[in-house]
Amino acid sequence: MPDKTHEKAFELEICEYLADHGWLYSPKDTGYDRERALFPEDLFGWLQDTQPEEFTKIKTMHNGSTERLFLDRLCQRLETDGALSVIRHGFKDLNARFDFFQPQPANDLNPNIWERYRKVRVRVMRQVHYSTSNEKSIDLVLFINGIPVATLELKTDLTQSIHDAIHQYKNHRPPKDSVTNRREPLLTFKRGAIVHFAVSTDEVWMTTELKGKDTFFRPFNLGNDGRKGNPPNDGGYRTSYLWEQILERDNWLNIIANFAHLERIEKHDANGKKHITEAMIFPRIHQLQAVNMLVAAAREEGPGHTYLIQHSAGSGKTNSISWLAHRLASLHDAQDKKVFNSVIVITDRTVLDQQLQDAIYQFEH
């Protein structure tokens, strides 16, 4: 019992912090639609707040079954296009078009867009029973306008470690139930949550695709004076940066809008047959820091300055360049004037050039 008590206290502390900083908070999973992996209350609340005319259009055609049929249609789009695409691009239903997200505006020229952005609903929900095949629950699930974007499994280092959280994902959170062979929509790659965090009081690791025991987790830590892990935190947990900085409302919505993307890689086998593989890309800490620091410097100092990013091999240079180029292209200064008229990327590798084009194109939705 002690470890459960510690874990629940850790869980509660994170949720209460988020609730005090702009997040909606569900202490139970009441209202969560397991079968569809959606929270309809926020979904329809967002639509009524921002697109009532469009929603009225389909009400007149669905003859009393509007919400059920709309959710089914949404699930079809989630299956084919994926959650990230639906959040960014929305979809059409009959004669209406719906948006499910509003990125933070790049300037203050349109107050209506700012008002729409402020209506975006971010929610944290505790102990989410996600399966129609069993009663397993995930510690925390994060939603944007009713669509799940992240899951978190928590452990306290007083009794367990980050490896226990990773083990739980690998062995007890399969995307397909081992008994019924039914898919779990929340845990299905591309269709469900964009990222899954294993969190302890000392470390954070993440993955963007659950594949049972083959799931690959990578560290999502700050580093500790040149070493792995996180530095001591006199004010609390070593991992408090996750909910205090990464999950800060504006920052989190910025990550979903301008960083996360689906990478599609085209390869040919020995017979010349084309194969396309997909991978969900979620930024690592050093990439977020590098891009955000350079954007802030460019906004403050303007053009004409030189900066250097040092990236080791395999640490995500292509994505860092893509994210930075996209952000700089829409950057405005304090007077709402564009800082740069154009952004030119020079590279010495053809493959990198194509990767950059593909990545930047995704953000220009």
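**View 1. Pairing of strands β6 and β7 in a predicted model.** Strand β6 (residues 147-155) pairs with β7 in the parallel sense over six bridges; strands are DSSP runs of E with at least two residues, helices are DSSP runs of H or I with at least four, and both are numbered from the N terminus. Two strands count as paired if DSSP finds at least two bridges between them. T151 has H196 of β7 as its bridge partner. Residues are numbered from 1 along each chain as its sequence is written. The model is predicted, and local features need pLDDT of at least 70, while side-chain atom pairs count only at pLDDT 80 or more.

View 2. Strand β8 (residues 204-207) runs antiparallel to β7, and four bridges join the two. V199 has V204 of β8 as its bridge partner.

**View 3. The enclosed strand β7.** Six of the six residues of β7 (residues 195-200) are buried, so the strand is largely enclosed by the rest of the structure; buried means under 20% relative accessible area (1.4 Å probe, protein chains only). V195, F197 and V199 point one way, whereas H196, A198 and S200 point the other way.

**View 4. Surroundings of F220.** Leaving aside neighbours within four places in sequence, F220 is in contact with residues including F197, V204, F282 and L288; contact means heavy atoms within 4.5 Å.

Definitions and conventions. Heavy atoms only, no water. Buried < 20%, exposed > 50% of the residue type's maximum accessible area, 1.4 Å probe, protein only.
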